[in-house]
Every structure is written in structure tokens, then in C-alpha cells.
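Hi,

Here is the structure I promised to pass on. Have a look at it first, and then read on for what turned up.

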Amino acid sequence: MTPSFPAPSLSKIRRPVCKKASTMLRGDSICKQLQSSSFGMFHAAVFDIRSYLPMVEFKLPTVIAIGGVSAGKSSLLENITKCPVFPRNSALCTKMPVRLGLNQVAKESDSSVAIDWRGNSVSLKSKDDILQAVADIMNSVDGIVTDELTVTICQVDVPTIELIDLPGLQTFPEEQQRCTQALASKYLNKPDTLVLCVVDATIPSLDSSTALGMVRAANKLPNTILALTKSDLVRSEIQITESIFDRVLGTSPEHQHLAGLAGCVAVANRNHTDHLTLVGADVEEQCCFKAMLGDPAPLYASAEVQRQLRDNMTIKRLILKLDSLFHDFIVVRWKPAALAFLAPLKEQAQDEIQRLGPSVEALTKDGVIDTILTKVDYDLLCKALQSTTIQITKASQLCTLASHLTYHPWGTLAWAEAMTKVEQKVTKAVKAALAGDKYDRPVLDAFNAVFEKSTLTPLKLKRFGSLKALLLSELLPARVAEAKEEAERAILDMLQKAMLQLNVDCAPGTAIFQLLDVGIRGCIIKHMIAQIKNRPMSLPETFQLVEDDKVRKKRGRLTDKLNQVVSATDKIAHIEEAISVGSDTDFNPDSPLAQDIPDCSDFEQHYQQTAAASATEEPTAAAAAAAASMADELQMHAVPEQSVHSFHHSGEPITPSASSHSTPVPISVAAQVTDAGGVAPHAASDPSSPPATAVSAPPAVAVAEEEGPISNIACSMAQLGSVHFGPPASAAGMEAETETVPLSPSVPVAPSIAESFVEVEAESGTD
């Protein structure tokens, strides 16, 4: 039976030292970058029509991190995602493949956090509980296991992406070597995989990297980014040049075996002892690399080389390169697939709209009426009218009356009275026949057939229900009434002529009355057709030609769908232009994301207070010991002493002694360094003021215990040339003092600590 693991006790989870809100998924991350690049453009383009597309087929390639033991894979992945879910430790930590799956959901209520391990799933209440839960599972197994541990975070504001942290490659014991390399080879050879090859920057030669060798063997170099971790531990200028500059520029001899590599980026992740947040670690990293680039050798001093170096340093640049690989994948795989799905959708929408008929905006009322009149089947209407018209002679007993005429001599009174009765009977029969609505029905049926059968015609008249109602209830009955009035007048005139013919013939017969009967029917049909077909028919000025609600709503939906498909097609067709440089700026300490980073103004104020106090008090042995201890804690670990620009008031640059070639420089002592390398009291800003006594200042930074140490930030700021010697009277005094220091023309002005953050922010708008 597969062993299960208990749900981690939430009460035992170690909380971050900082008591602020969770910083999970905050700061520069691949999630944030994807939303602003071609991935975000693609999803924005298809958002409204995603229900028509098989979105499950549009999946980003999986990112795997491969490297040696303690190379910094877990730290790198947590920095890329800003998801601290990978345990970090100096000892062996990642014992199985850890898959982090970020899934975008439609609603906030669908958000969830879960861990799956060996067929068992545990739901967590908070993302902050993941790290401890993963650590508990890691500690529950011995050695390397091949079972995959999956962490799934479902959230509205994340892209759907998967990243895998693999156990570090080991060289011994032999069993562990085979196991870790087999695991790495398994994931390397999976399709649709991007590789982060993690190598310690301090490694003497990349040729000795097992991870790089496996990447080459798997032909994955074009899909691989080489991440040089622990770059802040590279100390001497020669090491910085060879281990970082040449490697990220691709000019190192080691690159002759790495042709086609997607990129090489130097990074400085936080280590397992750091209590800084991931956002704070980004600030420290940027300060570290800025100091590293501050005073380069002439070969690397040109603006173009400096730009190339900056483009291949910091986690932000690595995220941009990773996004560039995603972009290429989207262009090559997603774009043609999406266009293939969208093309039939566009045709389908166009066909459905066409089947609804032309839009109302493309029609006129007179044009529609003319079309209706041409679509009426008048032959069928004539037959219907002919069958409807009664035989007038039969209805008026005309034949019987005509026979009575034979009994009366022509020209007698009796004969005249008989003729009058014939005329009266015929007139009464005609008016009675035309008074009813039996002639309306054939006309209305003929026009109703035009609307009902219009689904087979381009105009699709059936959708105009209001027009049909107006015709059948008002316009056509009025036309029929006019036709009947004209027919009645014509029939009576015809009757008068027939009676006159009887008088002339003197001997009437049934033939005359039969002709009269035929003439009456023809007269009715003639005037009906003339009124309907030949006379123009106009709609009222106030009448609006509109489609039925059902058709109008359907047209609106189809038109929206067509517009969305056309817009998505256009955007995806030009998605190559969507590659984003991202948030290509330095970190802004004033942003809300930096709220857990100690404020530089607080640091400056505390520095002034402690320095002022030290100027009036005699140093004690305890104070000296504390200062020495803090100096050890705050020593610079990333840049040699000579790269830190410090000056005295004479304006001459400091010449380091031969013994201090690679010695880290403490920055917590208020002192003035002489040309000889000694320490002298710092001169006051006012030339008339007495010199201050040389003492060891208290720690330069004081923050709450919950905030964690700030030593690395302080060191990084020192690397920027921001070391201030002596206690200025105020912040304004510090700035004025910096401005008045005479410097050598060949050396840049060293900014103050407060100005260093301002520089970072200002540079973010131009970098």
C-alpha cells in the first residue's frame, strides 16, 4: 500500500521572521512578466472567445532546474516565481522532484492550495503553509526518491505554468550518482521543456559541470539558460572578470562547447540564512551587481559592453530571457494552432450572419416594400380571386328575370319595369359581393406567403414581424378597399352598357348576361391587381424598420463573436511584435512591494544619532568590541576593497595597501582613511570646528528583530560608493558635504546612502 503523509499541523509551521503580510507572488517574477508579454497578449486576445478554443492545448513548456547539489536551484526557482515553497538548506535538501504548478482560475472563490505526494492530496489553508508542508515530506524520506511531489496553487492572477526542481546531481556515492543523473536525464528528454542549468559562479571551469554536460548530450542548449548563482561570492577583480563578465558576454573560452546556448545570466539569490524577503533580496542583488560594474577594467568600460553586462545580470534579466523563450514557443506553436482554430470560427460567424439577411442599416423602407411587391405570386393571386368571385347573374336570378322579358312586348310599360328590376337586382348583387372581406383573404394570404417563404431569399423578410403586421393589418386592407370601390364603379358602368345593349337588341338572350358575368369577375381581378402591383406603396414616416428581438439579439451575438474572432486573429497574427522588455527598470524602494525593506531615511537618521553620540563620549572596551563585532558582520562579501570608492577631503583617491588586496571592508566605523591606509579622525564640515575624536561607531543599522538583519543591504550600498565617514549634522549637511568634496577628475562622485536609493529609482526610468 502506498504510504500516506499526514496533513501538516498549521500550528507548527514556522512563520517568517517579518511580521508583515505575506509576500508570496509579489515583486519581479515570471508570473508578472508573462502577463505583460506575448503570453498575456495571447490570453487577452482570446479571452472573450476562449470557450470556442481548446485552451488545454495552449500550454507553456515546463521549466526544469538542473544542477549540482547546493548549486542554488531551489533558491533560483523561488526567486523566479516569488513563491517560497522550495526548502533551502546548506545540506542536501531536495530529495525528490518538486513540481510547482500555478493554475489560473476564473473566480477568486476557486482559489486553492494543495500538495500531492504518492497518490495522496492535502489541501492547505494558506500559501504560507506550503514551505513547512514540503519540508515535512522531505524529512520523511531517506535519500533520493523518484516519486514527484506536486504543489498546486490555483489563483486568479497567475498564469498557468509548471516549474520542476530536481534533486542535485551527485558524484558519489555511485548509487546516488546514477539516481540523480537518471532523474535529470528523464526530465531533460521530455518534449516541450525549458531548462535552467544552475551552476555555481565560483566553479573554476564550466567544462567540469555535469549538468551542462547532460544538457549538451540531450541537445537542449537552444532551450537552456545558464544561471550563474552565488555571483556575490566572486570576490577578486580577476575572478569577476573571468567567472562572470566573460561568461555572461559569451567571450569565455568555455563557451566554445556551448554553441547555441539560449543565454547566460549571473544572479545572486538569498541564501538559507537570510531573513530578507524575496523582494528585499532583489534590491540587494541589484546593489551588488551595480557595485560590481562600478569600476570595471578598460576592456569592459565601454557603454555597449556595460549594457550587455547589465542585460545578463540579476534575476530580472533571467526572467526576461526565460520569457523570451516562452515567446518563441508561443510564436512557433501557439500562433499557427490558434490561427487554424480561428479561421473556421470566422467563416462560421460570417455564414450565420449572412443567413440572417442584410443588416437593417444596409436597407431602406422603400427598397424593402419594392422587394416584397416583386416577390408576390400574382398568377396564384388571380386564380384565388377568380375562384372567390361569385357568379353575379346567378346570385341576382338574372336569367330568370331575362326570361320574363320575353313575355312582355318590347317598348311596353311591363317590359320597362322588367328591365328596371334586372338592373336593380344586378346592382344589389354586386354591392353585396364587394361588401364582405372575402376578397381581402386571397390578397393577405399572397403577401403572408412572401414573408413565410423569405427564408429561402437573400432578404429574409420573416425577421421583419412589425412590417408584416403593418402590411396585413393596415396597408393591404386599405388597398383592397380602394380596389373594390373602383371595381364597383366599373361594374355599374358595365351594367348600364349591358342594359343599353338589351334595349338596342330588343330580343335579349342569356349570352349577354353571361358576358356580363364574366366581365364583372374580370373587373374585380383587374382592379385588385392594379391597386396592389402597379401603385407605389409607401410606409409611414414614423415607421422604423427593425428586426424581431430574437433575430436582433442573435445578430448582435454573432457580430460580437465575429469582431472578437477578427480582433484575436489580427493580434495573434502579429504576436511577434508583442515581445516585452518587461519592467526593465531598477527596483523602486518607494513601491508597496518594498514595504518590508528598511527605509534608508531611517538608516540615515539612526546613523546620525549614533555618530553624534560617539563624538561626545569616550570609547569603551565594550563599545570597541561591539563595533569590531558589527564590522565583521557587515563586511563586504561580494566586492574587493579597492572597488569601494572612499575619499578624504584632500580629494585624492585612496590607495589600498598590498596586504588588503582582497580583504572585505567593514563600513560601520565612522572614520577617515588616509593615503597611507591608516585611520584618522574625520574633519567636520565647518573648517573652524574642532576635529572629532576617532571612535568606532555603533552599528549603522538598527531594525526590529522581526525585520531581520540588514547587513547585506548595508554592504551593497557601501559597494555603490556610498560610505559616509563621520557624523554629519543633518541629512542636508550630509548632502552638502558630498557636494563640496573635491574629487579627482577621473573618479565619479560617491553618492550618499539616501541618494543611492534615489539613483536606483531614477535609473529605472532610463535603463
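How many disulfides does a search of the whole structure find? The search finds 0. Please keep in mind that this is a predicted model, so what follows is computed from its atoms.

C31 is in no disulfide, and the cysteine sulfur nearest to that of C31 belongs to C83, 5.7 Å away.

Next, the helix pairs. Helix α12 (residues 378–388) packs with helix α16 (residues 440–452) at an angle of about 160°, and their axes lie 9 Å apart. Angles over 145 degrees count as roughly antiparallel, and α12 and α16 are therefore roughly antiparallel to each other. The crossing of α12 past α16 is right-handed. If you want to find the contact in your viewer, look for L381, A384, L385 and T388 on the α12 side, which meet P442, V443 and A446 on the α16 side. The residues of this contact divide into 6 nonpolar, 1 polar and no charged.

How are α7 and α9 oriented to each other? The axes of helix α7 (residues 237–249) and helix α9 (residues 303–310) cross at roughly 95° and come within 9 Å. Those two helices, α7 and α9, are therefore roughly perpendicular to each other. In this contact, F245, V248 and L249 of α7 meet V305, Q308 and L309 of α9. Here the contact residues of α7 and α9 divide into 5 nonpolar, 1 polar and no charged.

One more helix to look at is α3. Helix α3 (residues 73–81) is mostly covered, with 9 of its 9 residues buried. Its buried residues include K73 and E78, along with S74, S75, L76 and L77. N79, I80 and T81 in α3 are buried too. Just after α3 comes K82, which takes a positive phi of about 55°.

Methods. Residues numbered from 1 in each chain as written. Predicted model: local features only at pLDDT ≥ 70, side-chain atom pairs only at ≥ 80, totals over all residues. Heavy atoms only, no water. Disulfide = S-S within 2.5 Å. Axes fitted to C-alpha atoms, helices over the stretch in contact; angles between N-to-C directions. Helix = DSSP H or I, 4+ residues; strand = E, 2+ residues; numbered from the N terminus. Parallel < 35°, antiparallel > 145°, perpendicular 65-115°, else oblique. Left-handed = near helix turned anticlockwise from the far one by under 90°. Contact = heavy atoms within 4.5 Å. Nonpolar A, V, L, I, M, F, W, Y, C, P; charged D, E, K, R; others polar. Buried < 20%, exposed > 50% of the residue type's maximum accessible area, 1.4 Å probe, protein only.
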